[in-house]
Amino acid sequence: MERTSITEQAERILHDVASTLMTPTAGECLVCFVARQLDEFGCNGTHRFASHYRDCVAPRATALLARLSAMGACCCDCEMFMNTYEPAPRLWTQACEAVDSDGYGEWADAKPPDTMPPCDTTRRGSTKPCANWVRVSRSRDR
Ligand SMILES: [Zn+2]
Ligand SMILES: [Zn+2]
């Protein structure tokens, strides 16, 4: 029946999409990849996306997880975005003084972007983030 074959096709397409999502795109950096996967699948308390990236792209980076841990992402992927990397300042909305209807000035803080732009790409085999990310600075004054 034609109906069956369409269902089968749809399932095959879905399967292809699922496997594409789990593979870093050409030149995609570690941090963009992990951010994308966390968005899609969430954190399960491990470094599953970081280690998957390493297996796909940088199998020789055996110290990657140890290095991420040392930089603050000690337990899992989402900690990378709390303790280790944040969007580059140029991507944030600027802090500004907004005047409300009563004429009071209100200070609006700079905000990180809701969605990240496409990866700025990195060298294959590297586990360095692209230019969209900077290391979180613990001494930053706000
Ligand atoms: Zn987590
Ligand atoms: Zn990137």
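This is a predicted model: local features need pLDDT of at least 70, side-chain atom pairs count only at pLDDT 80 or more; totals for chains, interfaces and linings use all residues.
Residues are numbered from 1 along each chain as its sequence is written, chains are lettered from A and ligands numbered from 1 in the order in which they are written, and side-chain values use heavy atoms, leaving out hydrogens and water.

**Stop 1: the whole chain.** You get 5 helices and 4 strands, running α-α-α-α-α-β-β-β-β from the N terminus. Those are DSSP runs numbered from the N terminus: helices are H or I with at least four residues, strands are E with at least two. Of the 142 residues, 32% are buried (under 20% relative accessible area; exposed is over 50%, partly exposed in between, with a 1.4 Å probe and protein chains only).

**Stop 2: zinc ligand 2.** Select this ion and show Cys-29, Cys-32, Cys-119 and Cys-130: their SG atoms are its protein donors, 2.2 to 2.3 Å away. Donors here are N, O and S atoms within 2.8 Å of the metal (3.2 Å for Na, K and Ca); water is not among the atoms, so sites may look incomplete. The site is tetrahedral, with angles of 107 to 111° among the 4 donor atoms (for four donors, all angles must lie between 85 and 135 degrees). Along the chain the spacing reads C-x2-C-x86-C-x10-C. Cys-32 in helix 2 (residues 30-41) and Cys-119 in the loop between strand 3 (105-108) and strand 4 (133-135) link parts 87 residues apart.

**Stop 3: Cys-29.** Zoom in on the loop between helix 1 (2-21) and helix 2, where Cys-29 sits. Cys-29 is buried, at 0% relative accessibility. Beyond its neighbours within four places in sequence, its contacts (heavy atoms within 4.5 Å) include Tyr-53, Thr-122, Lys-128 and Trp-133.

**Stop 4: zinc ligand 1.** Now pick Cys-43, Cys-76 and Cys-78, whose SG atoms coordinate this ion at 2.2 to 2.3 Å. Cys-43 is in the loop between helix 2 and helix 3 (48-57), and Cys-78 in the loop between helix 4 (64-70) and helix 5 (80-84), so the pair ties together parts 35 residues apart in sequence. Color by accessibility and Cys-43 comes up partly exposed at 34%; Cys-78 is also partly exposed, at 24%.

Note on methods
Four donors count as tetrahedral if all angles lie between 85 and 135 degrees; four count as square planar and six as octahedral if opposite donors are over 155 degrees apart and all others between 65 and 115; anything else is irregular.
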